[in-house]
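Trainee: I have just opened this structure and would like to learn how to read it. Could you walk me through a few features?

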Amino acid sequence: MSKPTPEVYEQGKGMDAHNQAMREIRSRKEASYDPHEPTRVWLDEDNTPDGVKSSLTIILNTGGCRWARAGGCTMCGYVAESVDGGSVTHEALMDQIDVCLAHEADNAEEPADLIKIYTSGSFLDEREVGAESRRAIADTFADRDRIVVESLPDFVDREKIGDFTRHGIDTDVAIGLETATDRVRHDCVNKYFDFADFEDACAEAATADDEADADVEAGIKAYLLMKPPFLTESEAVDDMISSVERCADVDGCHTVSMNPCNVQRYTMVDDLYFEDGYRPPWLWSVAHVLEETAAVDAIVVSDPVGHGSDRGPHNCQECDDRVQKAIKDFDLRQDPTVFEQVSCECELTWETVVERERSFNQPLTR
Ligand code: SF4
Ligand SMILES: [Zn+2]
């Protein structure tokens, strides 16, 4: 894991202060969860470099993210769903996979082509998912076309990716980069790594791709966070446009998933929101970034979770469903003209916010 510099780790300042605050906020959670059940599982479809595929998405319940235990990211409530005690056995992880397969068998006509596995942290961190479990999971899904696993960049290496590609499965590692701007990632998200670490992980994936059979691919899917706390709407938009462009330029990164921040329980964002200090991004901002970056050399998608609610990305309530639908259409077709077909009176309010909101008066609207 890369080390924060002594400067940002000075006691009571910078990252140390963020971590202290986040530890206090997370300590308010009381729930505990069964290690034999996945956190969530659902069927869906998703855009991949080989076109749109049916997908089975699994949120594995592992011991939770190490960084979250130190304090962690300002918007992330996932650790509140992790297992008490911090680790899950191989047998329990495989029980979780069985529950997911049973869910798929009950609800889908045929097995999904694409498997997406997220954890409350990093699937490639062997303290969360050991090598034995990782290989057993690769065996289980050997008959599928493609797999996505989530990881922080530190844990990405060509051999772990090789556990999947050697079965002929196209493999993507999803990295929660959040933004290409180091200052925003460190100070607004409280994430410790740098863009250079992301570039190194992309290079590992590119090597795994070279080492795999010619018809098997390995690559990186970057997850970006639109509007972490402390940014105005216009700063958030500018940060996302430059982040999408910088990610698309990195060899090995073929997809960018740009997701608006929502207000999760037991987070700093939640505390700020409660004190009128945070508003999730406008859906118009999401549409604007997708339009502005449509020409980059990568698939760009967005999944506004909780759209239309106060705690999720929203416009005026009247147009939220329409704009969300345009975003989902864009995800599948990558055609920016989908946004020409939606309009609403609240665009004027959004434009005013983008023009006038300053960090000392934000948020300018609810
Ligand atoms: S966003 Fe990822 S790295 Fe940050 S605390 Fe949550 S799980 Fe950990
Ligand atoms: Zn509207």
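**Rings, charges and a metal site**

Mentor: Let's begin with two tyrosines: Tyr118 and Tyr223 are both buried, where buried means under 20% relative accessible area, exposed over 50% and partly exposed in between (1.4 Å probe, protein chains only). Keep in mind that this is a predicted model, in which local features need pLDDT of at least 70 and side-chain atom pairs count only at pLDDT 80 or more, while totals for chains, interfaces and linings use all residues. Residues are numbered from 1 along each chain as its sequence is written, chains are lettered from A and ligands numbered from 1 in the order in which they are written, and side-chain values use heavy atoms, leaving out hydrogens and water.

Trainee: How do I read a pair of aromatic rings, and how many aromatic pairs are there?

Mentor: A pair of aromatic rings is described by the distance of the centres and the angle of the planes. Rings of Phe, Tyr and Trp (its six-membered ring) pair if their centres lie within 6.5 Å; planes under 30 degrees apart count as stacked, over 60 as edge-to-face and the rest as tilted. That rule gives six aromatic pairs. One of them is Trp67 with Tyr192, edge-to-face at 4.8 Å centre to centre with 65 degrees between the planes.

Trainee: Where in the chain do Trp67 and Tyr192 lie?

Mentor: Trp67 is in helix α2 (residues 66–70) and Tyr192 in the loop between α6 (182–189) and α7 (195–211), so the pair links distant parts of the chain, 125 residues apart. Helices (H or I, at least four residues) and strands (E, at least two) are DSSP runs, numbered from the N terminus. Trp67 is buried at 7% relative accessible area, and Tyr192 is buried at 4%.

Trainee: What about Tyr118 and Tyr223?

Mentor: Their ring centres are 6.2 Å apart and their planes are at 80 degrees, so that pair is edge-to-face. Tyr118 sits in strand β3 (residues 114–119) and Tyr223 in strand β6 (residues 218–226), 105 residues apart.

Trainee: Which residue lies over the face of Tyr278?

Mentor: Lys227, at 5.7 Å from the ring centre. A charge sits over a ring if NZ of Lys or CZ of Arg is within 6 Å of the ring centre and within 35 degrees of the ring normal.

Trainee: Which residues coordinate the zinc ion (ligand 2)?

Mentor: Donors are N, O and S atoms within 2.8 Å of the metal (3.2 Å for Na, K and Ca); water is not among the atoms, so sites may look incomplete. Here the SG atoms of Cys316, Cys319, Cys344 and Cys346 coordinate the zinc ion (ligand 2) at 2.3 Å.
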